[in-house]
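Please keep the sequence and the model in view while reading.

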Amino acid sequence: MKNFADDTAIVARIKPQTVSSGNSVESDVIDMRYFERVIFDVNIGDYAGGNDGAITAAVYVDTDSGGSFTTALTGKALTAATYTGSAGDNQIARIEIVSQDMETGGTTYRYAKLKVAVSNQNLTLAAQAIAESGRVFNP
């Protein structure tokens, strides 16, 4: 029988922290050459000052691990409309990417990271990226 823990690894994270309104945080960079699939779990805490806070989160890619990560993967995002106000408090949200997502707009990207932006209220949050191992990708 396969063991889930042996077939997956936590490959990036955003440490638990309070993010001030108007600011954003980023995960560690993931080298997708080694993974077929990565799931980003975002743990959204309680909005500090009321119920009108919001977040947006998206997976950004680059060809260089030290790049600017300005290209967001289409359809790989959480929108403020989904996680807004008291209904968005204390939630866990998920974004999944697969190796085929790393080819977009005629460019093959190798590196990915999660960026989370907070608006209207300060928010406690954390995130982790869980990867499925066993893939070698040669861009």
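Leaving out residues up to four places away in sequence, S65 touches V29 and Y111, where a contact means heavy atoms within 4.5 Å. The model is a predicted one, in which local features need pLDDT of at least 70 and side-chain atom pairs count only at pLDDT 80 or more, while totals for chains, interfaces and linings use all residues. Residues are numbered from 1 along each chain as its sequence is written, and side-chain values use heavy atoms, with hydrogens and water left out.

**The loop between strand 5 and strand 6**

- S65 is found in the loop between strand 5 and strand 6, and because its relative accessibility is 40%, S65 counts as partly exposed (buried means under 20% relative accessible area, exposed over 50% and partly exposed in between, with a 1.4 Å probe and protein chains only).
- Although S65 and G75 are ten residues apart in sequence, their C-alpha atoms are 22 Å apart in space.
- F69 lies in the loop between strand 5 and strand 6 as well, but with a relative accessibility of 1% F69 counts as buried.
- The backbone of F69 has a positive phi of about 50 degrees, although F69 is not a glycine.

**Other loop residues**

- A87 has its place in the loop between strand 6 and strand 7, and at 65% relative accessibility A87 counts as exposed.
- A87 and D52, which are 35 residues apart in sequence, are 9.8 Å apart in space from C-alpha to C-alpha.
- N120 lies in the loop between strand 10 and strand 11, and phi of N120 is near 75 degrees, a positive value in a residue other than glycine.
- N122 lies in the loop between strand 10 and strand 11 and is partly exposed, with a relative accessible area of 32%.
- Once neighbours within four places in sequence are set aside, N122 is in contact with T18, V19, S20, S21, D46, Y47 and A48, whereas N122 and T71, 51 residues apart in sequence, are 26 Å apart from C-alpha to C-alpha.

- Neighbours within four places in sequence aside, F40 is in contact with S27, I30, V59, A93, R94, I95, I97, L114, Q128 and A129.

**The chain as a whole**

- The chain has one helix and eleven strands (helices, H or I of at least four residues, and strands, E of at least two, are DSSP runs numbered from the N terminus), and from the N terminus on the elements run α-β-β-β-β-β-β-β-β-β-β-β.
- Along its principal axes, the C-alpha trace of the chain spans about 45 × 40 × 20 Å.
- Of the 139 residues of the chain, 42% count as buried.
- Among the contacts in the chain with a separation of 6 or more, residues 24 or more positions apart account for 80%.
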